[in-house]
Amino acid sequence: MYPTSEKKPQPAERPAAAPTAAFSPAPITKIEETGLPLLWLQDHVLKVMYFQGYMTGFKVAEDVSLPFSGVVDQILEILKREKLIEVRSSQLGLGEGSYQYAITGAGIEKAREALERSQYAGPAPVPLTDYIESCKKQSRGRVQVTNRVMRQMLTHLTLSEKTIQRLGPAINSGTSIFMYGPTGDGKTSIARAIGNLVQSQTMYIPYSIYVDGQVIKLYDSVNHRLAAGQETTSLGTGTLRAGTRRDPRWVNIKRPFIMVGGELTLAGLDLVFDDVLKYYEAPFQMKANGGILLIDDFGRQQVRPRDLLNRWIVPLENRIDFLTLHTGRKMEVPFDTLIIFSTNLPPKELVDEAFLRRLRHKIEIGDPTYEEYREIFKTVAEHKGVKYNDQTLAYLIQEWYIKRNRKVRASHPRDLCDQILDISRYLNVDAEMTRELIDMAADSYFVDL
């Protein structure tokens, strides 16, 4: 159902879950612990310096997200011996990290060769094996809800008891939910409420991943939200300002809630290789690992629903996904994502029995009853500052729904209240539920198809 208030619920009880401390990236003290080839790291530092120009050792460490002591200082020393970089200035008493380095002519040529292979010059990646291991450890800390928590989470929604009791086990499954029903009855709002619950927890993901000399960019500032208190590294030391030591190549985020709609394509579900920059962008389901991927308005994507569903059969069955590098190599990654399909199209037009079997939970979100509609309208009107009137609502239902054989939708109270606000401002009258304003609002809002 449509939310009865835009105010987020404040649950008295937190869902039981393992703390983020169940996985914390171990600190790095030497080059070998990065899991990356030394030659690759040298090229990476040269690329960063090629783009930045003059840089202190601390600044290099900060840009590549590696500790200066024991890692970046050793790389800079090797590059200096090979005359690929040189020291231009130093500040006495502040250590080698404050030395200002410049790339030499030979270093520029070397950097250009590296840039032809890949122009990635951000935080150093982590090996694929480390990422897989982190997914397995953090999967065990997923949110688990109880009946009480579920009700607290959905206090801002008006839902039937049957729907509430079916949603709880579906969330705890961590696998897949297929929500279907008429448009405007709150399927997306329910998914967002689940997302708010999941995002009460945090997890670690790497900025990027290293596979056979290739880089896959995983962290996405658009789809990933930093956890509260997430701090940047200080002078590339790998020590957080809060005093906690960990590998700075990882970022602490709220568990992901990623929503895609009509823009989703089959290409977007595999590694996306940039022919110019020569590195990969992780697909949506990989970015959503540990959290939720909502496929909204399912059936209205640019690809046929059956093609899209076929793409999900193996991941939903085995909880692993296979992605392909442009070199032809297939890589196996975890599929630790709660997939929510949301559609207002009839299921029989979208899926067959074989696919429905693989979807763990199928939940129909139907139209509200007249009593539920009244509750929604009353709360929305109060929230939006529209004076509510029971008699006028009864008039609205009789004249604009029953007589015209129109279905009530959970989104109608919000839209009609917005219409009343628009009209009352124009007429310079109080925003209240009078028959005149209701008629004007409904006449402007409803369209008889």
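Leaving aside residues up to four places away in sequence, L76 touches V45, M49, G57, F68, I85 and Y101 (contact means heavy atoms within 4.5 Å). This is a predicted model, where local features need pLDDT of at least 70, side-chain atom pairs count only at pLDDT 80 or more, and totals for chains, interfaces and linings use all residues. Residues are numbered from 1 along each chain as its sequence is written, and side-chain values use heavy atoms, with hydrogens and water left out.

L76 also belongs to the largest nonpolar core, which has 30 residues; M49, L66, V72 and L76 make the most contacts inside it. Such a core is a set of buried Ala, Val, Leu, Ile, Met, Phe, Trp, Tyr and Cys residues joined through side-chain atoms within 4.5 Å, and buried means under 20% relative accessible area, with a 1.4 Å probe and protein chains only. Domain 1 (37–118) and domain 2 (130–228 + 246–364) each give this core at least three residues; the bounds come from an automatic or database domain assignment. A second, separate core of 27 residues includes V145, M153, L167 and A191.

Now for a charged residue. D185 is buried yet has no salt bridge, and R409, the nearest side chain of opposite charge, is 4.4 Å away. A salt bridge would need a side-chain nitrogen of Lys or Arg within 4 Å of a carboxyl oxygen of Asp or Glu. What D185 does have is a side-chain polar atom 3.0 Å from the backbone nitrogen of A410, and one 3.3 Å from the backbone nitrogen of D367.

Notes: Buried means under 20% relative accessible area, exposed over 50%, partly exposed in between (1.4 Å probe, protein chains only). Lys and Arg count as positive and Asp and Glu as negative; His and the chain ends are not counted. A polar contact is a pair of N or O atoms within 3.5 Å; within protein, one must be able to donate a hydrogen and the other to accept it, and residues adjacent in sequence count only if both atoms are side-chain atoms.
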